[in-house]
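Subject: Handing over a structure

Dear colleague,

I am passing a structure on to you, and below it you will find an account of how its parts are arranged. Please look through the sequence and the coordinates before reading further.

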Amino acid sequence: MKYSLAFSAIAASAFAATIPADAHHHIQRRAADPQPVCSFENHTFKEDSSAWDSISPATSKRDLKVKTWNPPSNIAAALDSVWDHEMKTYSNPLGFKNYGYDQVLAAKGKINYCVRWEGNAKVTEAQRTKVEVAIRRAFNKWMAVLAGFEGWPYATVDVNVVGWAVNDASILQGDVSKIDVYTDKDDGGVPQCAESCGRFFNQDGNYAGCAKGAARHYDQSIWLTPGLGGGAGGDWGQRVAQEYFMENLDLENLHIVLHELGHTFALDDFYDWTPAGVTNFVMNAGSATEITEFDAWMARDWWRHLKTQRGW
Ligand SMILES: [Zn+2]
């Protein structure tokens, strides 16, 4: 656990230099403004154990048994202020229709992933299996806090990696018969699975142009970049450092991935403000290592509003 926290601090120091402002602009499109490029400063975590003790109640106490909009009284006002802030600062917050909620419903509880593998490090079959398990686990951490709330229909989502995008097919070692291997590139020369098969590029859900067939389309990308500082997330997927992801595959909570997935589910960053009375939560980058009660209710707030607005 401490390793991942230390890595976050290292990542933050390299942050500014690693994502050119104009790179991959189209892929970072999201309803929210500012763009979700996330840094993870180690501003709350300390290496000494007493600091851990002091934050553990904030992250471990989660009362999510209530399945209607009746959040704990100590966070209700903060949730309202977050919602108001999002409505004021997102462009077209309720009209945007490619949030994670939209995607899970459109895909009927089955989400397909593409892994965008930058660089030339080889990947074994065993590593690929672990990557799939890790993103499946992370995605379902968010599903678990929505399960049964105000009619959210999926306690778990069937998350599968259907494709790997690499610079050269030889990067993928072992049996690749169960995945689609792509060497397509985006405008910036970064490997990506075929646009014709991607939800981001086909938000009407029409994958007629996908050579592998509609069943092999992908809804999300997990984009793994060597040396990336911080991360990014949106309706297209999540981007984190390749080293962070691969060296922490077995962690129960990949907190940077959880944070970026929060953006996929419409949640905001908290770099310029934090709601009164709430300090440690995964969307406040670097302040928590798991989805907290407050994170959960922020996601629930989105679902209840979208459900009403969409007529679900
Ligand atoms: Zn962020």
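In what follows, an axis is a line fitted to C-alpha atoms, for helices over the stretch in contact, and angles run from 0 to 180 degrees between N-to-C directions. Helices (H or I, at least four residues) and strands (E, at least two) are DSSP runs, numbered from the N terminus. This is a predicted model, in which local features need pLDDT of at least 70 and side-chain atom pairs count only at pLDDT 80 or more, while totals for chains, interfaces and linings use all residues. Residues are numbered from 1 along each chain as its sequence is written.

Helix α6 (residues 125–146) packs with helix α8 (residues 255–264) at an angle of about 55 degrees, their axes lying 10 Å apart. That angle makes α6 oblique to α8, where under 35 degrees counts as roughly parallel, over 145 as roughly antiparallel, 65 to 115 as roughly perpendicular and the rest as oblique. The contact, which requires C-beta atoms, placed from the backbone, to lie within 7 Å, brings A138, F139, K141 and W142 of α6 to V257, L258 and L261 of α8. By class, six of these residues are nonpolar, none is polar and one is charged, with Ala, Val, Leu, Ile, Met, Phe, Trp, Tyr, Cys and Pro counted as nonpolar, Asp, Glu, Lys and Arg as charged, and the others, Gly among them, as polar.

Helix α6 also meets α9, and the axes of these two helices come within 9 Å and cross at roughly 70 degrees, which makes α6 roughly perpendicular to α9. Here W142, V145 and L146 in α6 face A296, A299, R300 and W303 in α9, a contact of six nonpolar, no polar and one charged residues.

Helix α9 (residues 293–310) has a further partner in helix α4 (residues 73–89), with axes that come within 10 Å and cross at roughly 50 degrees. The helices α4 and α9 are therefore oblique to each other. On the α4 side the contact involves I75, A78, L79, V82 and W83, and on the α9 side E293, F294, W297, M298 and D301; these residues divide into eight nonpolar, no polar and two charged.

Turning to the strands, there is an open sheet of seven with mixed pairing, in the order β1-β6-β7-β5-β2-β3-β4, where two strands pair if DSSP finds at least two bridges between them. Its edge strands, each pairing on one side only, are β1 (37–38) and β4 (180–182). Strands β2 (residues 110–117) and β5 (residues 220–225) pair in the parallel sense over five bridges, and S221 in β5 is the bridge partner of C114. Helix α6 packs on this sheet, touching β2, β3 (158–165) and β5, and its direction makes about 135 degrees with that of β3. Helix α8 packs on the sheet as well, touching β1, β6 (231–234) and β7 (237–241), with its direction at about 30 degrees to that of β6.

A word on confidence: pLDDT, the predictor's confidence in each residue from 0 to 100, averages 86 over the protein, and 82% of the residues score at least 70. Over residues 1–35 the pLDDT is below 50, and beyond near neighbours in sequence this stretch has 57 contacts in the model.

Terms used. Contact = placed C-beta atoms within 7 Å.
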